[in-house]
Each structure stands twice: as C-alpha cells, then as structure tokens.
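Please keep the sequence and the 3D view open as you read.

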Amino acid sequence: MNKPLRRIAIFCGILVLALMIRDNWLQYVRADELNANKYNKRVEIERYAHERGNIIVDGKSITGSVETDDNYYKYKRTYTNGPMWAPVTGYASQVFGANQLEKLEDGILSGNSDQLFFDRTMAMFTGDKKKGGNAVTTLSGKAQEAAYKGLGDKKGAVAAIDPKTGKILALASTPSYDPSSFAGRLEKDGKAWTALTNDPDKPMLNRALRETYPPGSTFKVLTAAAGLEYGAVKDINAPTDTPEPYILPGTSTPMVNHASGCEDATLNRAMEVSCNSVFAKLGDDVGRDKMVEMAEKFGFNNTEIDTPIRAAASVYDKTMSRDGNAQSSIGQFNTAATPLQMAMVTAAIANDGRLMKPYMVDKLVSPDLDVIQQNDPEEMSRPISAENAQLLQQMMENVVENGTGGNAAIDGVKVGGKTGTAQHGENNSKNPYAWFISYAKTDNGSPVAVAVVVEDSNARRDDISGGGLAAPIAKAVMQAVLGDRQ
Amino acid sequence: MSVVTNTTTIGAIDAPSRRNTELMLLGFAVAIPVFAYINVGLALDGELPAGVLGYGLGLGLLAGVAHLVVRRFARYADPLMLPLATLLNGLGLVLIWRLDQSPRLLARSDFAPQATNQLMYSALGIALFVGVLLVMKDHRVLQRFTYISMAVSIVLLLLPLVPGLGADVFGAKIWIRVGGFSIQPGEFAKIVIAVFFSGYLMVKRDALALASRRFMGLYLPRGRDLGPILTIWAMSLLILVFENDLGTSLLFFGMFVIMLYVATERTSWIVMGLLMSAGGAVVVSSFASHVQSRVAAWLDPFGCLETAPEGSNMLNACDQMTQVLMSFGAGGTLGTGWGQGNSDLIAFAANSDFIFATVGEELGLAGVMAFLLLYGLIIERGVRTALAARDPFGKLFAIGLSGAFALQVFVVAGGVMGLIPLTGMTMPFLAAGGSSVIANWALIGILIRISDTARRPAPSPAPSPDAEMTQVVRP
C-alpha cells in the first residue's frame, strides 16, 4: 500500500503548495490593486486613526482633532472659527471627503506623505504615536477677521495680498459654513451636508477664489495700465479726445456715463469720477489684442493660478468684436474676474509693476516642527514698468483723496483705490455687484492690496455702491494689516 | 535499514523515543503564542495584557500534561505533532482574543467574545487527547467497531436534521443544540467515519481491486462493490442538499476516495471519484441558490458586489468575499502586525470561518506561509505515520485522517483566499468553535497513538533454545 500512499503524500503537498502560490499571488502581486480598491475602507480608517496635523495662522492652530467614540474613524476634525476660515481650510469630512488645503496638503496633515518618511520611521522606533505635520499659512488673523466681519451678513468676498511677496493675507467669503458641522459620520453630519449643498446661497462656494464676477469699473485701472504701457496715453493730465456721448465702435449705442464732465476728460479725472466713455475709448484705442495681452500679463485667462488652492480662471475674451472690447475695457460685457485676480492687479500696481505669485502656504512642518518645505516669494510677471505703475498709483490715490473712493481713506497712510459697480443679469435686471480694490502704502512700500466684492447690494449708482459698501471693508482690512505691522 | 537513521518515523526499528525533542519544541510552541499575546496587548492598549501570566501558565500546563501523558503512554510517538498542534491552538487563541477586542465586532448583535470559551474547549480537547492515549492502548481495537462506526457516523451526520435538536444557523444546518451548547457533529463524524472506511476497506480491498472488468482503460468494479461508493456519494450529496454544508460533503467524499485508492491501488477509483464529484457539483449548483451565490462570489467578487440585488444572499456572500480579499491585500508581505489590522471589517464570522484572513492581514504573506507550513508539517507527519504503520488498518486510518485534515485545510484556506468557492468550514485549531478544536485534538491523539505503535521497537526475538544450548552445553 505504500506506493499509493506516496502519491497521496505528493497530492497533499500539491494542495499546500497551491495554497502558498495563491497566497503569494494575493498578498504580493495583487496587494496594491486590492488596497486601491474603491470598496476598501482602510484608507479612510487610517486617515482618521490618529490626530491630523493642523493648519496654522499667526502661530495658532485654526483646526483641531477630537477623539470620537466611533468604531471606524477614531478622530474627527474640528475647526476654530470655522465659517471665517472655511475659504482657507476647506473641509475634511469622514464621509464627504476633503477639499482645498485639507485635501491639497493631506499627505502632510495625515502624516502619510513620503516627505514624512523619516519622521514615521523614527516614531516607529521611539514608540511615538503617528501624527500629521502642520501647514503654516501666510494669512493674518486680524486681516481675515476684519474682512469676515466687514462682509457681515452680506454676500461677498475679500482677497488681500501682500504686494511685495504675494503672500495671501485674507481670504473671506460669505455666506460661509462651518466645516465642523459635517466632519463626523453621524446622522446630523449628513443632514448638515445636505442642507449646505442644497442652500441656494451656496455657502460652500469659495467666492474669493472660485467665483468670477464682472469686475466693473475696477477693471479701468487695467485699461489705464494698457493705455500707458502701449503709448495710447502719454500724459495722464492731458485731455483725452473723448466725445460725449461716446458711441461704441461699429454700433449706434452710446456708452452711458454715470459721472458728469467726462467729455475730453484727462485720464486722471476720468479715473477720479469713473468715466465709462474715456476708458471704453481708451480700450478701443489700445485694441483688443493688446488689451488681451495686458490682461493676461496680470493673470487673466490663466487656468493654473494655484495658491495652492486653484483659483478659477478670470476671463478677458480673445475673440470678441470691437464694441465688445470697448465694453470689456470698463469691466462689462463678458469680462469676469475673481476677487483674487483683482487683488493681484492692485498688488502689481502697488508693487511698482511686479506681479508676485499669490500663495497661502508659507511652509510645511513635520510633527516635531522641522521645516519640510518652505515656499518663497516668486515673481509671476512684470505687466507694467515702474514709471507707469507709479502713474497709476498717483491716479488711484487721487481716487481716494478726491474721488469715489473717499471711504477708504486712512489718516497718515497713502491709500490708492478704485470703486466699481458691475451690472449683471439680462438688461441689468439684477442688483449690481459692488467692487472696491485698494492698496495702502507706507514709507517702506505697500504691505497690503485688497479686493472686495459685495453681491446683492441695494445701491444703484457706481460711485455710491462700490465706495459705499465695499470700500469700508477694504479699509478695515488694510487697517488690520497696518496695525499688525506697527 | 541502518540502525543509525532514526530521525524519521519510518526509521529504524529501535528508534529513540525523542521525547526530549518534543519537550523542547513544546517550549517554543508555548512561548511563541505568549509573545503574540503580549504583542496584541501592546498594540491595542499599549500595556501588557492582564491575563498574560494566566494564559502562559494555562497553555504551558495543558502542553505539559499532554507531554507527560505522551511520555508515559506513547513513548515512541512522533515528536512533532503535539508541538505543532499546541502552537496552532495557542496562536488561534491569540487571534480569537485579538478579535474579541475589536469594538466594531463588539458593536454587532451577533457577536460575543469567544476567547474564554475557546480556552475551555482547548482544555477539553487536550483532555480528550489524553483520554485517547490512556484508553486506546492500540489503535487496532477500533477495527472491532467497523459497522458500529458506520451507524454512529450516519446518526451524527443526520442529527442536525432532527427537528428540535438541529439548529439552523445562518442557512447551514450543521449544528445541534444540547443544553446551551452547540455542537457540530460533522467534525466528530469525520473521525468516526474514518474508522468505518478503514475497517471496511481493509476487508474488502482485494475484492474491490481484483474483481473488476476493464472498460476503456478503466477498471470498473462489480456492481455490488460499487454499492458503498455510490452510497457515500449519495450521502455526501444529501448532506449538501439538506444541511447546506458544502465543506463536509467534499471532505467525506474526498477522504473516501483517497482511502479507496490507497486500499485498492487502482487509479480508476480516483478518476471515478472525480467524475462523480463533478457530476454532484453540477447537479447541486443547478438548483441550490446557496451554492450559486458562493460560486458567483468566487468568480468575480467585486463585480458581483455591484450586480447582486440589494439585501440578497448573494450580496452578503460577495461582500464577505471582497472584505476577505482586501484583508489579505492590506497585509501585504509583512502584515500590519498583531492587533493592528482591520480584518474585523469582515464582520460576520470573522473569528471562525474567516479567521485565516486575520492571519493574512496582521502577519502578512510571511505569516500565512508560516501557518501553511505548520499545517503542511502536520499533514506530512500524518502521512509518514501511515507509511510507517505496520498494519493495513493503521495505514488506512492514518492516511484517512491526514487526508481529511489536508482537505479541510485546503478547502478552508483555499475558499478564504478565493482559490476555490467558499465553503463553511473551520480552520483546524485556529477558528473559534468547540467541536472543531476538540475533534482535532482527538485526531492528533489518534495519529500519535498510531505513530507510537509504528515506531515502537519490535519485541526482541524470543531466545532460541538451540543457541542457548550451543553455549551452555559443556562436556
């Protein structure tokens, strides 16, 4: 009976061998594929299994982690002053995923990034718990607070930049939401999420970066920059050859002025009272292609402005007709800009023509505070010469001293600004957007450039609305930054 | 055969007892689970588990008692089997205890901690092991119970179908409930039916082997010899159909074919066995939805997760299968470490039928390979015992038990790893379940007894009177 016994022995060996081969196939060959499977909850479990790193503003954390009694996800994200900071942090929800900084810096915050490999290895030996690293932002708590409080219960957004470096100082959007309200996976989290996503006011929209508005009269500074840079205007105090009424080229439609005294007004005067006709004609004189070129140097039509949160592309149409270009030159027609974009335009002017790349993450640090990555200021482009930038500053400062931007004036500080009211809706049926862009300037250059947009204002007139609604908010933000510096 | 080669079971007649080797190996078999236990405690709570001393002493005591009994009553037994079984049982206890700590499982209504029960059952199992060695001085006495065994095994198998006694747990009617305890009679029937097969085949082997007609290259046995085979085939089908127990029917039929082949040395039995099991599989899977969903979950688990109707049996089967596969994937090469995996996501039956997935996730490829080698070694020692046994009954009995053990390991591990469709059976010694651990300890006890008989030195030849004479005679 031994011969069949030996065969059975071989058969049993084959059975065990088959199991071993199968196991190698499963755990070695297919492991990555199985781990990446969409039904695999382990990645999410791991993400919330330990304390997440924090997002830091002014040395203080604006996020936190709290231990829950949940069986799947041990820690839950919390937010200090969530609604105010939501446009910066985004959210990290156990069920609904993450966005903005929480998502973009997830590797560092969750501690899974390869850049933290050394820390993880050390923690393995020292027996420390795994922790995430921190993202230190460039934002200023006071500026953010001024912006958020300034917007109050109005719908709108504020973007503030340090013109010299491109550091983003404030990024506010209202109405906002509290990312803590749906960070967990209880029933109330789901309800909060549903309520927020169904809200017609879109509280989860980051208006400062992700929404484009017609920039209205604030765009005139860009038209003026193009006029100076391409030689259409030599002297800002010389009368322009502008008829009243100015008929849009190729049409019989007159360009309506809300201000008086625009006929043959100087560029400086036209800026001061915001003459539509002067700038429409100037844009036409420069020509569409040169206008597009100038707008693009300032960052329009760029789909890759990453702060690192990607901003929506602002639009200056490359293919429109002559009259479209003339209307676009005063920020109407299909010109559209994000608040960040208009802050960039202002910052470039305030920084004597150098546009710095806007960014909001200063550095990434490991759990034990070693710097893993330091972001340094980076020049994005030089849209205009220093001389022309100074001419523009002169005109913008004049707007605040003598013109429509009086509400932004700060004692003892040079402030340059431009108001704007952008019509929108069919035949201007909806309430216009009130804009204000401005910068403050001290002896050491300009520490802050701000763009403010307020939707749904009840005001009608250009001069009143931008200056009346948006300028005080810009002023508060500038004062917060100036106070910070002193 | 040379007297010096005494390292194997089929070695020299006067093999040394190797009891000290066994004792040393038992030391490892107790120490490794204790370290594993400490490891789980440190990983889960960051401190030594409270019961570590008790657990270590308990396991050591059980192993010590078993060793002393083997040393006294089965001196020449194979030295590997007891340490292997102890190691597997000890690690199984740690795995079960680890899953007991899972808050996700504790939150389920159908989950209760099992480690204490399992420790008690392990003690009972070792008691039965000791009992086998004490009571059964020679395995050949079992030959007397050939036909009684047949009756007992049939009764055992049919018990779960008795109304009031059988318990339908999650679709499979393989348990009986006696006074608060649930017993899986199939696990014990496995051993009892091996007794019957061995006794029956030992007597009938010549008739089965020789009285046959050659037909198309196959030796077809006579109708009356074919009878028992068809009976077993039909019985395994019946188990499958009425008790929804794919695993047990496969196990019995496979064991029978193996023993038939060894007894008759005719390959045609294997061919016929394969044909009959294939036929049975086709027939059953054509109408048992239970089997169909298992097959669907085996063929394309992730795909069927999407296509299976909401709340269906098939969805459960597929969900379970995908969770098991992802557990193995998460383990990777080295595993996540004791206590640090998420194999409790499998949820239902994570500590019984699917306990091998926890090995896969927390110990990784390396751990699974080690476990498979441990099982492989037990099987190998069993087959060697069969080779070494001097009587046909012992040979058949040993190969039957080892073959059944090998098939069970293959069917369970293969099912869990997605190599073959899943069947509801327990991983010997690892899975939570009293019947299984008790029956497998008895199985090891029997194999140790057979190996003791096989390796026992032959009694020295009776003194030859003639030789005496030539020396003694003096003028």
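This is a predicted model: local features need pLDDT of at least 70, side-chain atom pairs count only at pLDDT 80 or more; totals for chains, interfaces and linings use all residues.

A residue is called buried when its relative accessible area is under 20%.

How far apart are the end C-alpha atoms of helix 16 of chain A? They lie 16 Å apart, and this agrees with the 16 Å that 12 residues should span at 1.5 Å a residue. After the helix comes Asp352(A), which has a positive phi, near 55°.

Now zoom out to chain A as a whole. It contains 18 helices and 18 strands, and 56% of its 486 residues count as buried. The C-alpha trace of chain A spans about 115 × 50 × 40 Å along its principal axes. If you look at contacts in chain A with a separation of 6 or more, 69% of them join residues 24 or more positions apart.

The size of an interface is often given as the accessible area lost when the parts come together. Here the area buried between chain A and chain B is about 3,900 Å², and carbon and sulfur atoms give 71% of that area. On the chain A side, the residues that lose the most area to chain B are Met1(A), Gln27(A) and Arg42(A), together 20% of what that side buries. Counted by residues, the contact takes 34 from chain A and 51 from chain B.

What about specific pairings? The interface of chain A and chain B has 16 residue pairs in polar contact, with both residues at pLDDT 80 or more. Which elements of chain A give two or more residues to the side that touches chain B? They are helix 1 (2–29), helix 2 (31–35) and helix 3 (42–47). Helix 1 of chain A supplies the largest share of that side, with 20 residues. By type, the residues on this side of chain A are 19 nonpolar, seven polar and eight charged.

Finally, the count of salt bridges between chain A and chain B is two. One of them joins the side chains of Lys38(A) and Glu306(B), at 3.0 Å from N to O.

Notes:
Residues are numbered from 1 along each chain as its sequence is written. Chains are lettered from A and ligands numbered from 1 in the order in which they are written. Side-chain values use heavy atoms; hydrogens and water are left out. Contact means heavy atoms within 4.5 Å. Buried area is the accessible area (1.4 Å probe) that two parts lose on being put together, summed over both. A salt bridge is a side-chain nitrogen of Lys or Arg within 4 Å of a carboxyl oxygen of Asp or Glu. A polar contact is a pair of N or O atoms within 3.5 Å; within protein, one must be able to donate a hydrogen and the other to accept it, and residues adjacent in sequence count only if both atoms are side-chain atoms. Helices (H or I, at least four residues) and strands (E, at least two) are DSSP runs, numbered from the N terminus. Ala, Val, Leu, Ile, Met, Phe, Trp, Tyr, Cys and Pro count as nonpolar, Asp, Glu, Lys and Arg as charged, and the others, Gly among them, as polar. The expected span of a helix is 1.5 Å times one less than its number of residues. Buried means under 20% relative accessible area, exposed over 50%, partly exposed in between (1.4 Å probe, protein chains only).
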